[in-house]
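Work through the exercises below with the model open. Each task is followed by its solution.

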Amino acid sequence: MPRVLVVGSANVDFTVALPRLPRPGETVSEGTLLVARGGKGANQAVAARRLGAEVRLVACIGEDASGRDVRQALTDEGIGVEAIVTTAQAATGTALIVVDAEGRNQIAVAPGANRALTVADVDRREADFAWAEVVLCSLEVPLATARRALECARSHGALTILNPAPLPDRGLDFLDLADYVTPNEGEAARLTGLPLSDLDSAGTVAAAIRALGAAHAIVTLGAGGAVAEGGPGRVHVPAFEVTAVDTTGAGDAFNGALAVALAERRPLAAALRFANAAAGLACTCRGAQPSLPTRQQVERFAGRRT
């Protein structure tokens with residue numbers, strides 16, 4: 001089995017599906033509520049696990065009912081939770097999500113315990129970094145912790161993926177620690193200060209991200225698929241056509257699937273196809289973790305073994 005270590009957040013998500021997104025100061029009623037687990041790190045860990053990897057998660061949760069629920073759910077998925085620490089100083093991270101009839105969302109996050117994951121917590125898990133083939137990290141944890149995770153992964157020869165989300169206002173100064181950087185359109189434009197409006201400009205932006213230090217840059221374009229720069233040159237892999245119900249978690253599905261595919265030593269184009277299929281399927285169901293597909297579902301959806 002591919003061995004994937006994820007460093008990132010773990011949340012509880014409260015999602016309300018509405019006919020449309022509220023305007024500033026407006027209340028939109030007649031919604032339906034879904035309470036589920038989320039957080040970019042936990043989502044990516046669940047995605048990779050359901051796609052066939054052996055997965056461990058480094059994260060921080062609160063000493064509260066939500067934290068206990070998060071830990072148990074991850075355990076039930078078969079994810080290694082020994083590196084999840086608890087804190088009494090903050091509540092488990094919480095996200096409030098509104099989704100409209102076209103699957104578009106607005107998300108507000110109270111990071112809580114996620115911000116309490118420290119460099120020391122990473123250093124204590126050196127054996128997990130030595131075990132991993134791929135280390136996947138996102139930025140709902142402190143930047144110093146994310147940097148240290150990538151440094152530790154590099155020191156043990158693991159392949160590194162940085163999902164730069166949410167992107168801090170001051171940008172990032174450790175892209176050189178990432179073998180793959182995976183921003184979406186908005187994050188890629190902000191990282192580089194360049195406009196992004198079509199496939200050509202996406203390729204230009206991806207090349208600019210490589211110039212900032214990343215070995216490979218993969219810009220995810222939603223319905224436009226993904227554009228990668230690096231290694232074999234520029235690669236564009238179209239998205240799979242779906243009817244979107246809720247796009248929450250689609251990026252995490254993509255990153256989890258990419259980690260699995262790279263751990264399996266797939267060529268980049270094949271890895272992107274696999275990741276696009278997982279992300280497309282994630283858009284067809286409500287919720288973050290509830291929408292994450294299994295390996296069998298992805299292979300069936302893609303029409304052949306991916």
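**Exercise 1.** Describe how helix α6 packs against helix α7.

Solution. Helix α6 (residues 185-192) and helix α7 (residues 199-211) pack at an angle of about 55°, and their axes are 9 Å apart. That makes α6 oblique to α7, since angles under 35 degrees count as roughly parallel, over 145 as roughly antiparallel, 65 to 115 as roughly perpendicular and the rest as oblique. On the α6 side, Ala188, Ala189, Leu191 and Thr192 meet Val205, Ala208 and Ile209 of α7 (contact means heavy atoms within 4.5 Å). These contact residues divide into six nonpolar, one polar and no charged.

The model is predicted: local features need pLDDT of at least 70, side-chain atom pairs count only at pLDDT 80 or more, and totals for chains, interfaces and linings use all residues. Residues are numbered from 1 along each chain as its sequence is written, and side-chain values use heavy atoms, with hydrogens and water left out.

**Exercise 2.** Find the salt bridge of arginine 3 and state which parts of the chain the pair ties together.

Solution. Arginine 3 pairs with glutamate 133 at 4.0 Å, N to O (a salt bridge is a side-chain nitrogen of Lys or Arg within 4 Å of a carboxyl oxygen of Asp or Glu). Arginine 3 lies in strand β1 and glutamate 133 in the loop between α4 and β8, so the pair ties together parts 130 residues apart in sequence. Glutamate 133 counts as buried at 18% relative accessibility, and arginine 3 as partly exposed at 29% (buried means under 20% relative accessible area, exposed over 50%, partly exposed in between, with a 1.4 Å probe and protein chains only).

How values were computed:
Axes fitted to C-alpha atoms, helices over the stretch in contact; angles between N-to-C directions. Helix = DSSP H or I, 4+ residues; strand = E, 2+ residues; numbered from the N terminus. Nonpolar A, V, L, I, M, F, W, Y, C, P; charged D, E, K, R; others polar.
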